[in-house]
Amino acid sequence: MAEEKDGCVKPSKGPIVVAELQPVLDYSSERKEGIKMLARVGKPAPDFELSAYVNGGFQNVRLSDYKGKWIVICFYPGDFTFV
Amino acid sequence: MSAVAVKYAELKALGVEIFAISTDSRFTHKIWQEEELSKMTPGGVPFPMLSDGGGRVGTVYGVYDEDAGVDIRGRFIIDPDFVIRAMEVLTPEVGRNVSELIRQVKAFQHVVATGEVTPSGWQPGKPTLKPGPSLVGKVWEQWKPEMAFE
């Protein structure tokens, strides 16, 4: 099962962007500069890798691994919220 | 979340991969699934629940609320070419409409497959428009606003 893949100490990468956008996402200056919204309709989806709970186990999920399929991503404010 | 889970089979049949993302850790996701979601829907949420600690991905997608420290409700449809086709962002109090999500997926899939365009309120089986010089100024002949609500 996916359980073995979990690395409790292995960080996920977070947003993954092409080189020219890297300054935007330089986390050392993130608080000073602010990260910018990159998502636009009609433009390529910003790639990312995040840790995830999948089928009862833990693993990292990278969005671009699903290129070639229709994808829906749903952000929501938090577990145990009411809506 | 559970509403999407209820319609998961229909979305899966459309070839859609679903990912839920919040700033909660994967461990919190596990307990929410086991303690609550699994009691709302048999088997709970069948798609991956991702952890966006710090809201870094939410920021790039324009849905991170720095004041609250959470990702607000944002839903994105991405096509097989990895292009964002649709986004819908709501403040947290109002939940989304999964039926509208499915309608939009079907409309985008139809548009990609046929090159046609779908007018307001389009549902599968209803008339589409074929863009071209001969349609300019003539949309009124083929489509009436009332059709958006039929």
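**Exercise 1.** State where Ser51(A) is found, decide whether Ser51(A) is buried or exposed, and list the residues with which Ser51(A) is in contact beyond its neighbours within four places in sequence.

*Solution.* Begin with the location: Ser51(A) belongs to strand E2 of chain A, where helices (H or I, at least four residues) and strands (E, at least two) are DSSP runs, numbered from the N terminus. Next take the accessibility, for which buried means under 20% relative accessible area, exposed means over 50%, and partly exposed lies in between (1.4 Å probe, protein chains only). Ser51(A) counts as buried because its relative accessibility is 9%. Finally, look for contacts, that is, heavy atoms within 4.5 Å. Leaving aside neighbours within four places in sequence, Ser51(A) is in contact with Ser12(A), Gln59(A) and Asn60(A), and also with Arg26(B), Met49(B), Leu50(B) and Ser51(B).

Before going on, note that this is a predicted model, in which local features need pLDDT of at least 70 and side-chain atom pairs count only at pLDDT 80 or more, while totals for chains, interfaces and linings use all residues. Residues are numbered from 1 along each chain as its sequence is written, chains are lettered from A and ligands numbered from 1 in the order in which they are written, and side-chain values use heavy atoms, with hydrogens and water left out.

**Exercise 2.** Describe the interface of chain A and chain B by its contacts, its buried area and its salt bridge.

*Solution.* The residues come first: 51 residues of chain A are in contact with 63 residues of chain B. The size of an interface is often given as the accessible area lost when the parts come together. Here buried area is the accessible area (1.4 Å probe) that two parts lose on being put together, summed over both. Between chain A and chain B about 5400 Å² is buried, and carbon and sulfur atoms give 68% of this area. On the side of chain A, the residues that lose the most area to chain B are Tyr53(A), Trp70(A) and Phe75(A), which together give 20% of what that side buries.

A salt bridge is a side-chain nitrogen of Lys or Arg within 4 Å of a carboxyl oxygen of Asp or Glu, and the rule finds 1 salt bridge across the interface. Glu17(B) and Lys69(A) meet through their side chains in a salt bridge at 2.7 Å, N to O.

As a last step, ask which elements supply the residues. Strands E1 (14-16), E2 (47-54), E3 (57-62) and E4 (70-75) of chain A each give two or more residues to the side that touches chain B, and the largest share, 7 residues, comes from E2(A).

**Exercise 3.** Locate Asn55(A) and Phe82(B), give the phi of Asn55(A) and of Phe82(B), and say whether Asn55(A) and Phe82(B) are buried or exposed.

*Solution.* Recall that most residues other than glycine have a negative phi. Asn55(A) has a positive phi near 50 degrees and is found in the loop between E2 and E3 of chain A. Asn55(A) counts as exposed because its relative accessibility is 57%. Phe82(B), which is not a glycine, has a positive phi of about 70 degrees and lies in the loop between E5 and E6 (84-90) of chain B, in a hairpin with 5 residues between the strands. Phe82(B) counts as buried, because its relative accessibility is 6%.

Key
Pairing = 2+ DSSP bridges.
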